Amino acid sequence: MELIYIWIEDYRNIYKQGFNLSSKWRVEYDEDEKRITITPNPAHIEGFFPNKITNVTAIVGENGAGKSNLLTFIRDWVGVLRCKKECFYLIQENDRLHVLFHPSFGFDEASIDCQESDLQV
């Protein structure tokens, strides 16, 4: 299971911010349209990492930018697979993409545009 993307509406110093955490996918969220678009990353190199490593993501920024807050949010809210805070996140498991979201977003099947035929949402 891999965390692909997380959108945080409001948590500590993170406000209306999305984080792409996958090298294979690019995810964009249009807040006005309430639409998620998922496209393959053309720069992704399949099999780049050896053995069972599928992805490496660095979280960088100036002091006070929210790096620790992002990790705390992931630990406290994503790590237990719940969305009690206003957020949504995408998790890939095998060839399925799961979208978990807070009810305030009101997503339905039409809210997700996945431009990859091999991936089921």
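User: How do the residues of the lining of the largest pocket divide into nonpolar, polar and charged?
Analyst: Good place to start, with one caution: this is a predicted model, where local features need pLDDT of at least 70, side-chain atom pairs count only at pLDDT 80 or more, and totals for chains, interfaces and linings use all residues. Ala, Val, Leu, Ile, Met, Phe, Trp, Tyr, Cys and Pro count as nonpolar, Asp, Glu, Lys and Arg as charged, and the others, Gly among them, as polar. On that basis, the lining residues of the largest pocket are six nonpolar, three charged and nine polar.

User: Which residues lie nearest the centre of the largest pocket?
Analyst: A pocket is an open set of points on a 1 Å grid over the protein atoms alone, where a 1.4 Å probe fits and protein lies on both sides within 12 Å along at least five of seven lines; lining residues have an atom within 4 Å of a point. Residues are numbered from 1 along each chain as its sequence is written, and side-chain values use heavy atoms, with hydrogens and water left out. Of the 18 residues in the lining, those nearest the centre are Glu2, Lys24, His44, Glu46 and Thr54.

User: How much space lies in the largest pocket?
Analyst: Grid points are joined across faces, edges and corners, and the volume is the space filled by probe spheres set on the points. For the largest pocket this comes to about 410 Å³.

User: In what order do the elements of the protein run from the N terminus on?
Analyst: Helices (H or I, at least four residues) and strands (E, at least two) are DSSP runs numbered from the N terminus. The protein has seven strands and one helix. Their order is β-β-β-β-α-β-β-β.

User: Where is confidence lowest in the protein, and where is it highest?
Analyst: pLDDT is the predictor's confidence in each residue, on a scale from 0 to 100. The protein has a mean of 87, with 89% of its residues at 70 or more. Strand E7 (residues 112–114) is lowest at a mean of 84, and the highest, at 96, is E2.

User: Why is strand E1 (residues 2–11) largely enclosed by the rest of the structure?
Analyst: Buried means under 20% relative accessible area, exposed over 50%, and partly exposed in between, with a 1.4 Å probe and protein chains only. E1 pairs in the antiparallel sense with E5 (residues 87–93) over six bridges, and with E2 (residues 14–20), also antiparallel, over six bridges. E1 is largely enclosed because, of its 10 residues, the number buried is nine.

User: Which residue in E5 stands opposite glutamate 2?
Analyst: Leucine 3 is set opposite isoleucine 91 in E5. For glutamate 2, which is also among the residues nearest the pocket centre, the residue opposite is glutamine 92.

User: Is asparagine 94 buried or exposed?
Analyst: Asparagine 94 sits in the loop between E5 and E6, and its phi is positive, near 55°. Most residues other than glycine have a negative phi. Its relative accessibility is 67%, so asparagine 94 counts as exposed.

User: Which residue in E7 stands opposite threonine 37?
Analyst: A second open sheet, of three strands, has the order E3-E4-E7 and mixed pairing. E4 and E7 pair in the parallel sense over three bridges. Opposite threonine 37 is aspartate 113.

User: How far apart in space are valine 78 and leucine 90, C-alpha to C-alpha?
Analyst: Valine 78 belongs to helix H1 (residues 67–78) and is buried, at a relative accessible area of 7%. Valine 78 and leucine 90 are 12 residues apart in sequence, and their C-alpha to C-alpha distance is 10.0 Å.

Definitions and conventions
Two strands pair if DSSP finds at least two bridges between them.
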